[in-house]
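The sequence and the structure are shown first, and the description follows.

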Amino acid sequence: MIFPKEIEKISEKLSQAGFKAYLIGGSLRDLLLNREPKDWDVATDARPEEIQKIFADSVYENDFGTVAVKSGSSDPCLKIIEITTFRLEGKYTDARHPDEIKFAKTIEEDLSRRDFTINALALLLDKKSELIDLFDGLKDLDKKIIRTVGSPDERFKEDALRLLRAVRLSAELGFVIENKTLSSIKKNSKLLKKISQERIRDEFEKMIMSPRASEGIVLLRDAGLLEFVLPELLEGDKVSQNKHHIYDIFEHSLRSLDYAVKKDFNLELRLAALLHDIGKPRVKKGAGENATFYAHEIVGAKIASAALVRLCFSKKIVDKVRHLVRFHMFNYAVGEVTDSGVRRLIARVGLEHLDDLLKLREADRIGSGVPKAFPYKLRHLLYMIEKVRHDPISPKNLKINGNEIMALLKIDPSPKVGMILNALLDEVMETPEKNDKKILEKRAEELDKLSDKELAKLMAGSKKKQAAFEAAVDEEIKGRHYIK
């Protein structure tokens, strides 16, 4: 094997100081599978204080014997290399953390505490390159099997997160979970309740970003783990839809996620693809091909948001996914919507979200079993968006602002300033060419002569236009769901 120079340098320094260095865990596993490691882990018989003496630019801030060494590499995967002292672990009374950690003398003792055989391999980093495989990890790599080190029940009771990690590795590597290990996962699934939401989120996120994310979701369901991760998804399992869909809600969501994975969409879009119809089971009316799911996007946005907050996803991710789920039903009729209507659509869903909403629509369509992800109607919408996307859609896009209006009209801050701005915006949305400072100044002076009552009437007219647009969109969505 060829190792990065950063790993070779660490190995040399430890060896020169009289210590052994082994490549271990996921980094070795990935190398043996001809995959690029995402991080690099080294095990050694040197104690943490000895490691720090050898590597001055390092940090030791944990109770697990792991020293983070800064390598100076420009490669993000090699900037920090974790060096961990051989260790043994005591009993686990909480299914999360060992009650006691002791440093071990040999690599064999260290490997005996690890989770799965494919992660319990060690390679001596010297000229001999001796590979230590105490639990047939190489055979399991060759057979593409995930199997625990020793008793599955014991391993999962030590750290219940391993239940979820087994499924994540299966989705990430395309491996099958060995029968005894899978049976133990099903038997011990309730232990996952003891694990923090942050740790669950980390494993779930890795699974969602894996090449077989939907297979991971199915395995979570079949192993009895999904109810402790995203129970909301189970509500759609075997719940039929209507004549627009050939799959049930759960299957449709998985197929939408498949498309998002295939297109290498980002985390937010993958989550939105999985969760976009999560509100359907709670709003379903009727049965058979004429069943309806009106307002499922509104209900779904709330459910998705609450689920992601529970899993401790960042506010940025929660807000993005909630918005995508809320507006994934946006509709557009070719030949019926004008330029100003498209500008109102952009104002409604947000220009910054449009590209992602179109991608989500692609995933939704393919997940419904239709052959084309981007039909003519969406291509036409894309054309219209490109045509008007630089036109004004909010007061901040106007060539005049509130301060300039107050200076021009010699008036103090008041609701009247906002009414004038909104009146100007409404006119500019209808005719973008009017977004010229001189034209706007002249029109502002004309509007200033109107009474507050007359300005309020103009604002009411503007709101009426927006309401009419919203109603048209709403009616088209109702039509798709057979609501009169």
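A residue is called buried if its relative accessible area is under 20%, exposed if it is over 50%, and partly exposed in between, with a 1.4 Å probe and with protein chains only taken into account. Helices (H or I, at least four residues) and strands (E, at least two) are DSSP runs, numbered from the N terminus. The model is a predicted one, in which local features need pLDDT of at least 70 and side-chain atom pairs count only at pLDDT 80 or more, while totals for chains, interfaces and linings use all residues. Residues are numbered from 1 along each chain as its sequence is written, and side-chain values use heavy atoms, with hydrogens and water left out.

**The chain as a whole**

The chain contains 23 helices and eleven strands. It has 484 residues, and 51% of them count as buried. Its accessible surface, computed by the Shrake-Rupley method with a 1.4 Å probe (for residues, only the protein chains shown count as cover), comes to about 23600 Å², and carbon and sulfur atoms hold 50% of that area. A contact is defined by heavy atoms within 4.5 Å. Of the contacts in the chain with a separation of 6 or more, 67% are between residues 24 or more positions apart.

Helix α20 spans residues 402-409, and its buried residues are Gly-402, Ile-405, Met-406 and Leu-409. These residues lie on the same side of α20 because they cover an arc of only 100° around the axis; the arc is that of the directions from the helix axis to the C-beta atoms. Asn-403 and Ala-407 are exposed on the other side of α20. The partners against which the buried residues of α20 pack are α21 (415-430) and α22 (437-448). At the start of α20, the backbone nitrogen of Asn-403 has a side-chain oxygen of Asn-401 within 3.1 Å. After α20 comes Lys-410, with a positive phi near 55°.

An α-helix has 3.6 residues a turn, so residues three or four places apart point the same way.

In helix α8 (residues 179-187), Thr-181, Leu-182, Ser-184 and Ile-185 are buried. They are placed on the same side of α8, since their arc around the axis is only 160°. The face turned away from that buried side bears Asn-179, Lys-180 and Lys-187, which are exposed. The elements that cover the buried residues of α8 include β10 (145-146), α6 (152-158), α7 (161-173), β11 (176-177) and α10 (213-222). At the start of α8, a side-chain oxygen of Glu-178 comes to within 3.2 Å of the backbone nitrogen of Lys-180.

**Aromatic rings**

Rings of Phe, Tyr and Trp (its six-membered ring) form a pair if their centres lie within 6.5 Å; planes under 30 degrees apart count as stacked, over 60 as edge-to-face and the rest as tilted. The structure has two such pairs, listed below.

| Pair | Distance of centres | Angle of planes | Kind |
|---|---|---|---|
| Tyr-22 and Phe-86 | 5.9 Å | 55° | tilted |
| Tyr-259 and Phe-265 | 6.1 Å | 75° | edge-to-face |

Tyr-22 belongs to strand β1 (residues 21-24) and Phe-86 to the loop between β5 (80-85) and β6 (87-89), so their pair ties together parts that are 64 residues apart in sequence. Tyr-22 is buried at a relative accessible area of 5%, and Phe-86 is buried at 2%. In the other pair, Tyr-259 is buried with a value of 10%, and Phe-265 with 8%.

Charged side chains also lie over rings; the criterion is that NZ of Lys or CZ of Arg is within 6 Å of the ring centre and within 35 degrees of the ring normal. The charged end of Lys-280 is placed over the ring of Phe-293, at 4.9 Å from its centre. Arg-326 is over the face of Phe-327, 4.6 Å from the ring centre.

**Two loop residues**

Cys-77 is found in the loop between β4 (66-70) and β5 and is partly exposed, at 27% relative accessible area. Its C-alpha atom is 5.6 Å from that of Lys-38, a residue 39 positions away along the chain. Apart from residues up to four places away in sequence, Cys-77 touches Pro-37, Lys-38, Asp-39 and Trp-40.

Asp-237 is located in the loop between α11 (231-234) and α12 (249-262). Beyond its neighbours within four places in sequence, Asp-237 is in contact with Arg-221 and Phe-250. The side chains of Asp-237 and Arg-221 make a polar contact at 3.3 Å. A polar contact is a pair of N or O atoms within 3.5 Å; within protein, one must be able to donate a hydrogen and the other to accept it, and residues adjacent in sequence count only if both atoms are side-chain atoms.
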